[in-house]
Amino acid sequence: MSNSADPFALRNNFNLLMSPLPGQMRPVDGLRAISILLVLAIHCVWILAVFDEGAARYFYQVPFWLNWVFNGELGVDVFFVISGFLISSILMSEYQSSGSIRFGHFYKRRFMRLMPAYLLAMGFGLLLLPNKEYIWSNLLYINNLLPASTHFMPWTWSLAIEEQFYFLFPLLLLWILRRRSVRFLAVVMTVAVVASLLIRYLVIKHHQLPLPICWYENACEGFFDVIDHIYVKPWTRFGSFLPGIFAAYFHVYHPEALRNCFRRNGQLVAWLSFFSLLVVVLVLSIPVNNQLVSFPSSLGTFYYMSFRHLFTIAIGFLLISSLYCEYGFCGWLARGLSARWLYPIGQLAYSTYLFHPFVIGALYGALFQLAAELSTLQKIAIATVAGVPLSLLIASAVYLFVERPFMNMRGGRRREVPAMPVSS
């Protein structure tokens, strides 16, 4: 399947949405789909708290097995792992083949990939949202550096972090790769991991940010402190990119060695993959946002500092094992993440992320206007059952008519990331 000469050709764009290309890293698409589904889950409940100050008290009493919904914001960390992996793979592959990185080419492709749909979303935001005077910060991708009370389209803080990563990381990576030293790379990665943990620890201690986290603006004290100091800042979130970068290095430079290692140690890799999945489930299950739960001070600080690292390291290992380990639990994992129904959801993740708050917010607004007598659970059920498919439907239109055409106009090969090596 090749790109049509007409970037707006609907049939071609629909095929690209629905049908993966040969060599496509399907588990990565599956992880991307899971990440946006997690974000949709948390926002289907979190946005209710914007309309109903008492909703948080209901959330605090949900059964333990539903805690994953209220930790759905970790889906953004999955996005960061994937971005670290894909962007590093693109840049490392280019450097491996040419000895350099074409920064202008890279930034142009990122701009055409991200900005058209973002501009459309900002147009909707100008009609519907407050803080319009701060739209300039979104255009410059620095909205996460401003006080949270000024944020326009506040959910786009993560796009700002990603763009800051795209801007700075290629420069740092070129400097590292030119050293041509695996030892130097290992030192840099170790320092980066330690620094990311230390920064989070210092921010938590300096600003006295305890667990549980104040996650609902009107239900507890310190919501804006959390957002301003630790939640949306690049220096407290860059650790989530590191597992993806680490995985990309082995994917680009040592794919056969990685495959052979996984093949020789299949049982160990299967157990590590299973353990990683348990870590993911455990982190999703701990109610860090529940104000009725008490955490010991020192243990709470340690967990607050490190839980995103634990989660993203586990995600990074699941990503690489699903790509290179073909048997047993790993094979099951790879097949699960490669499920056909996940592929289009993964392709729609960016547009869905941009537009779903408009959809879910509009649904809750209508419910409080027309059916305020409904219970909290009924409102959540309606917003979820209607909001998720409607968000995906709108995202499909944006993908077909805006996002994909501009991706087609970038020129060159569609699949930028190195394909999976063929098994010998």
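These are my notebook entries on a predicted model, written for someone meeting the structure here.

**Entry: the core**

I began with the nonpolar residues inside. The largest nonpolar core has 130 residues. I asked which of them touch the most other members. The list I got is Phe-59, Phe-85, Tyr-118, Met-153, Tyr-304 and Tyr-353. Helix α5, residues 74-98, gives the most to this core, with 14 residues. I also noted a second, separate core of six residues. Among its members are Leu-16, Leu-348, Tyr-399 and Leu-400.

Keep Leu-211 in mind, as it returns below in the entry on the backbone.

**Entry: cavities**

Rolling a probe the size of a water molecule over the atoms shows where empty space is left. How many cavities of 30 Å³ or more does the structure hold? I counted four.

**Entry: cysteines**

I searched for disulfides and found one. A disulfide is a covalent bond between the sulfur atoms of two cysteines. Which cysteines does it join? The partners are Cys-214 and Cys-220, with 2.1 Å from S to S. The link is right-handed, with 95 degrees about the S-S bond.

Cys-214 has a relative accessible area of 5%, so I wrote it down as buried. Cys-220 comes to 16%, so it is buried too. I also looked up Cys-44, which is buried at 2%, and Cys-325, which is buried at 5%.

Most residues other than glycine have a negative phi, and most peptide bonds are trans. I went looking for exceptions. Where is there a cis peptide bond? I found one joining Leu-211 and Pro-212, with omega about 0 degrees. Pro-212 sits in the loop between α9 (182-206) and α10 (223-231).

Two residues with positive phi also went into my notes. Asn-131 is not a glycine, yet its phi is about 60 degrees. I placed Asn-131 in the loop between α6 (103-128) and α7 (135-139). Tyr-141 has a phi near 55 degrees, again positive in a residue other than glycine. Its place is the loop between α7 and α8 (157-177). Is Tyr-141 buried or exposed? Its relative accessible area is 9%, so Tyr-141 counts as buried.

**Entry: Pro-20 and its partners**

My last stop was Pro-20, in the loop between α1 (10-18) and α2 (26-51). I compared its place with that of Pro-344: the two are 324 residues apart in sequence, and their C-alpha atoms are 8.8 Å apart in space. What is Pro-20 in contact with, once neighbours within four places in sequence are left aside? I found Arg-26, Arg-340 and Tyr-343.

How values were computed: Residues numbered from 1 in each chain as written. Predicted model: local features only at pLDDT ≥ 70, side-chain atom pairs only at ≥ 80, totals over all residues. Heavy atoms only, no water. 1 Å grid on protein atoms, 1.4 Å probe; cavity = no way out; pocket = protein on both sides within 12 Å on 5 of 7 lines; lining within 4 Å. Points joined across faces, edges and corners; volume = space filled by probe spheres on them. Helix = DSSP H or I, 4+ residues; strand = E, 2+ residues; numbered from the N terminus. Contact = heavy atoms within 4.5 Å. Core = buried A, V, L, I, M, F, W, Y, C linked by side-chain atoms within 4.5 Å. Buried < 20%, exposed > 50% of the residue type's maximum accessible area, 1.4 Å probe, protein only. Disulfide = S-S within 2.5 Å.
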